[in-house]
Amino acid sequence: MNQPVCDLVLCSWNHLEETKPCLESLLEATRVPSRLFIVDNGSEPDVRAFLAAVQPRGAIKEIVVIQNEMNEGFPRAMNRGLKASAAPFVVILNNDLRFTVGWLQEMIEVATANPHLGVINPASNTLGNVPSKGVSLQAHADRLRQSRAGQYTEVGMCIGFCMLVKRELFEKIGGFNEQVERIFFEDEDFCMRAAQAGSLCVVAEGAYVYHAEHQTVRKMPEREALFARNREWCRAQWGRRLRLAWPRFSPLVPGSPELKQWLEEMIAWARHRTYVYAYCPIPSGVTTRAIFESVGLIPHADIHWRAIPARLAPAAAAVWILRRSKKRFDMIAAPSRGWSRLMQAAHWWHRAAVIPAEDPAQLKTAWKTKSRSPWSF
């Protein structure tokens, strides 16, 4: 057959109750000429027999089953499929997904139109996009495609449940790290290597895939211990993710040079394993996307906004920061000396490093110390 536009690589391990509807919706909803590689990780005989009998349909012109005799773990299994593939785009798939018409076409269109993008997720319930009650998945997907076609949001990392990767990126940085034990954090490690190579990770807002999350691992008895071990492994590679509070007391003015400079600074932090929380007066009715687009920038999902009243901005920012009891801030970028002294006096409560916002060198030093990241800023 002619070279497919995209290769799909799906990892299977038992759980036919999830794999069957996943494959059915994949075959039904995919409209881009593709080849499907199913990498089976040592499933039971009935599962192997079912997979061997799956036939191509529609735009999926060929199905190749790669049978492992034992469970080799997600990274190694996926790498087998990646080595067998050759298309310009490759999509990594879990076996607990439900697809909607247009899902792959929209992701490829976003990837093709933006050469600097390397890794792409679709919108999904996994990322907080849930259809309204009574609205079907396809109807929800159609609405997204109509209103958000071509739009994307930058993220600190993509999640490996459904992840499109450009072929040239795989050739540049390799596949998944097989030091990862079975599953968890292989996607984060891959995305960090992609970022280090200059590729951005994004969500294509006009594509939609539903994820029945963690169905294949939820009953795994060692799940929590495995998650903890791989998290520590990932932190050793890339450092701990930090949280940075960054108040601004003057009202936000959409389209202003000052706003663009501030956003560019926050985006730079968000690209270095940092969740940024912006506290500032925001005009009523202005959306996050509108804030970024007013200065020609793409929204970043790791920059979070909290509107505070202009007249009480210093006090309101302090209250919101001090009220945070879970996942406390690691650093606070202080916009004024007086407010900095106030927050330093409350260090016993918030325990974050309080640093002048106009001193990026000191912020970077604190980030390096707290994250323990070997990654240069």
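How many bridges join strand β11 to β12? There are 5, and β11 (residues 274-280) runs parallel to β12. Two strands pair if DSSP finds at least two bridges between them.

## Basis of the model

This is a predicted model, in which local features need pLDDT of at least 70 and side-chain atom pairs count only at pLDDT 80 or more, while totals for chains, interfaces and linings use all residues. Residues are numbered from 1 along each chain as its sequence is written, and side-chain values use heavy atoms, without hydrogens and water. Helices (H or I, at least four residues) and strands (E, at least two) are DSSP runs, numbered from the N terminus.

## The sheet

β11 and β12 belong to an open sheet of 5 strands, ordered β12-β11-β10-β13-β14 with parallel pairing. At the edges are β12 (303-307) and β14 (353-356), each of which pairs on one side only. From one strand to the next the twist averages 20°; angles run from 0 to 180 degrees between N-to-C directions, and axes are lines fitted to C-alpha atoms, for helices over the stretch in contact. Within the sheet, V276 stands opposite I303 in β12.

## Helices on the sheet

Helix α9 (residues 257-270) lies across β10 (242-247), β11, β12 and β13 (331-334), at about 155° to β11. Helix α14 (residues 360-371) also packs on the sheet, touching β10, β11, β13 and β14. The direction of α14 makes about 160° with that of β14. Contact means heavy atoms within 4.5 Å.

## Helices α1 and α2

The axes of α1 (residues 16-29) and α2 (residues 45-53) come within 11 Å and cross at roughly 5°. L16, T19, K20 and L23 of α1 meet D46, V47, F50 and L51 of α2.
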